[in-house]
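This briefing covers a few local features, grouped by topic. Please read it alongside the sequence and the model.

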Amino acid sequence: MEQEHTYKQIYVVGHRNPDADSLIAAHAYAELKQLKGISHAIAIRSGAANSQSEYIFHRFGVPLPQLLSDVIPKVVHHMQENPICITRSESLWTALQTITEQEIDTLPIIDEHGNYLQLLCYESISLYIMKKTSAPLRSIIISNLSLIKSTISAQSLIEFDAPTIKGYTLLVATSYSATFKEEFNQENPENLIVLVGDRFDLQQYMVEKRVAIIIVTNNYLIQPELRALAEKNHVSILISPYDTAATSVMLLYSVPVGQAAIDTPPIAFDMPLHRARNFIDNSTARAVAVIDNQNKVIGLLKELDLGTRPNIALILVDHNELSQAIIGSDKVDILEIIDHHRLGGFKSQLPITFINQTVGSTCTIITNLFKSTHTPLSTTTASLLLCGILSDTVGLKSATTTAIDKETVAYLSSITQLRIEELHEALSNASNQIASKTPAEIIEMDRKEYKEGIWHFFISQVETSSPEIFLQSKELYISVLSQQRESTQALFCALLVTDITTLSSYLIVVGDELFINLIPYPKHTDSIYFLQNVLSRKKQLIPIVTEIMNEL
């Protein structure tokens with residue numbers, strides 16, 4: 001059985017260009033999830049809030065959902081978090097111990113302040129050892145006495161300049177021969193590490209020649225008088241518990257980790273995942289460190305991680321068509337959909353919870369989910385939900401309004417003690433506060449994209465008690481709609497201006513001539529049609545539009 005995937009964050013989100021119903025439904029459902037123990041469920045929005053939504057959230061002292069423009073998978077959604085790191089002052093031997101004990105294969109190297117420097121991996125360690133062991137001449141060991149001592153678990157007798165990093169040449173003293181003396185004399189004693197056994201004559205010779213470090217192997221002892229001479233001649237002496245062969249090999253690992261590391265550039269946590277692949281392809285480790293804005297390591301991204309499911313998921317409210325969903329929604333898991341619109345051909349790779357009810361507002365559904373799960377509503381959340389229903393049903397006057405909506409409004413009103421008529425009037429006044437917005441901003445506020453067969457089209461909607469404001473500026477709106485249609489190659493683009501006083505609408509539309517000629521509504525003026533008793537884009541306009549497209 002496949003192991004259940006773990007999500008770090010579950011975003012509850014409405015459609016792009018969200019209206020009040022969409023924003024409030026996201027907020028309330030995220031709260032319900034949190035109350036049921038899913039603390040990582042949070043409400044977000046994928047677009048700017050309209051004036052009515054801003055009024056509602058401000059009136060009841062609730063912050064608007066966090067604005068998130070997209071959920072396109074980023075590095076942070078796939079990386080391995082909080083990887084084990086090693087400081088640059090540690091030895092390669094310590095790094096290997098960490099890799100073995102922790103069963104990992106890659107270590108980011110950091111400085112004393114936690115800043116990223118390099119990357120260490122099995123491959124880079126192997127390359128380093130191969131280079132050292134296959135060198136035609138004696139290789140240089142760049143280390144210090146402290147690292148050497150810890151690597152070979154040595155007993156220290158005398159130490160000089162323990163922290164100082166320098167280049168050492170390793171020499172094994174096995175006999176006191178002319179050949180050995182000749183070999184010895186070719187080196188600078190101050191840079192020599194000499195391995196000796198229990199031969200006093202060799203030990204004495206090295207001390208007299210003032211070599212940098214003498215390592216006596218196999219736990220052999222050194223005479224007291226020789227120790228005194230070593231202190232006088234500034235010679236460090238260590239006692240290794242290992243034999244000469246093992247000690248000489250282990251000394252290769254006494255170097256600082258940077259000697260075997262690779263200079264792999266890190267990547268930012270918010271880098272789009274598809275861009276990260278290039279960095280991994282160019283890394284010997286087939287991995288890269290992930291840093292935050294302060295150059296601190298917060299993750300590790302490996303080649304295998306590119307194929308994993310992201311650690312974020314979505315719950316869609318008030319829509320079910322991906323064309324209306326937050327950008328990137330097709331790249332992440334969608335766990336639930338709660339909606340009251342037509343089905344838009346949504347497909348899912350996973351089984352999901354899909355609630356779609358014939359009601360006038362998603363907030364109606366959310367309210368009744370609180371009730372069915374026996375979860376008490378706070379007065380604040382109940383007030384928001386009440387506003388959401390009144391907004392989406394135009395004060396329960398829209399054709400989409402059902403008996404369930406009315407019952408739910410009565411239930412919420414009893415909790416909040418808010419007068420429905422007064423609240424609706426306040427919402428209507430708030431929705432009229434659009435004088436400062438440009439035609440482009442108004443069209444964008446509640447714009448939805450629809451797909452029907454081979455066609456796609458856009459319909460925006462705005463509610464007002466003064467439709468004449470829009471009609472008098474029709475050239476400006478027609479110009480914006482024309483630009484929008486040209487840039488999207490849509491069949492048509494339209495703005496539905498709903499008069500909340502007369503409960504009718506005007507449709508400002510720019511589109512294909514064949515489509516325009518089939519619009520069944522009476523023409524008000526060029527590019528504008530009068531829709532008597534039409535309030536709902538979803539229930540009253542979209543079905544007519546669908547019928548027209550079936551005739552094209």
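Two strands count as paired if DSSP finds at least two bridges between them. The model is predicted. The points below cover an open sheet, a residue in a loop and a nonpolar surface patch.

**Open sheet**
- β4 and strand β16 (residues 297-302) are joined by two bridges and run antiparallel.
- Across from Q80 stands L300 in β16.
- The sheet is open and consists of four strands in the order β4-β16-β15-β14, with mixed pairing.
- At the edges stand β4 (80-81) and β14 (267-268); each has a single partner strand, so one side of each is left without a neighbour in the sheet.
- Strands of a sheet pair through backbone hydrogen bonds, either parallel or antiparallel.

**Loop residue N320**
- The loop between β17 (312-317) and β18 (333-339) contains N320.
- N320 has a relative accessible area of 2%, and because the cut-off for buried is under 20%, N320 is classed as buried.
- Its side chain makes a polar contact with the side chain of D339, at 2.7 Å.
- A polar atom of the N320 side chain also lies 2.7 Å from the backbone nitrogen of G344.
- Leaving aside neighbours within four places in sequence, the residues in contact with N320 include I337, H341, R342, L343, F346, F354 and N356.

**Nonpolar surface patch**
- I140, I142 and I165 make a nonpolar surface patch of about 220 Å².
- Of these residues, I165 is located in the loop between β9 (155-158) and β10 (166-172).
- I165 is partly exposed, its relative accessible area being 42%.

Terms used. Residues are numbered from 1 along each chain as its sequence is written. This is a predicted model: local features need pLDDT of at least 70, side-chain atom pairs count only at pLDDT 80 or more; totals for chains, interfaces and linings use all residues. Side-chain values use heavy atoms; hydrogens and water are left out. Buried means under 20% relative accessible area, exposed over 50%, partly exposed in between (1.4 Å probe, protein chains only). A polar contact is a pair of N or O atoms within 3.5 Å; within protein, one must be able to donate a hydrogen and the other to accept it, and residues adjacent in sequence count only if both atoms are side-chain atoms. Contact means heavy atoms within 4.5 Å. Patches are made of residues with over 30% relative accessible area and no salt bridge: like charges are joined within 9 Å, nonpolar side chains (Val, Leu, Ile, Met, Phe, Trp, Tyr) within 5 Å. Accessible areas come from the Shrake-Rupley method with a 1.4 Å probe; for residues, only the protein chains shown count as cover. A salt bridge is a side-chain nitrogen of Lys or Arg within 4 Å of a carboxyl oxygen of Asp or Glu.
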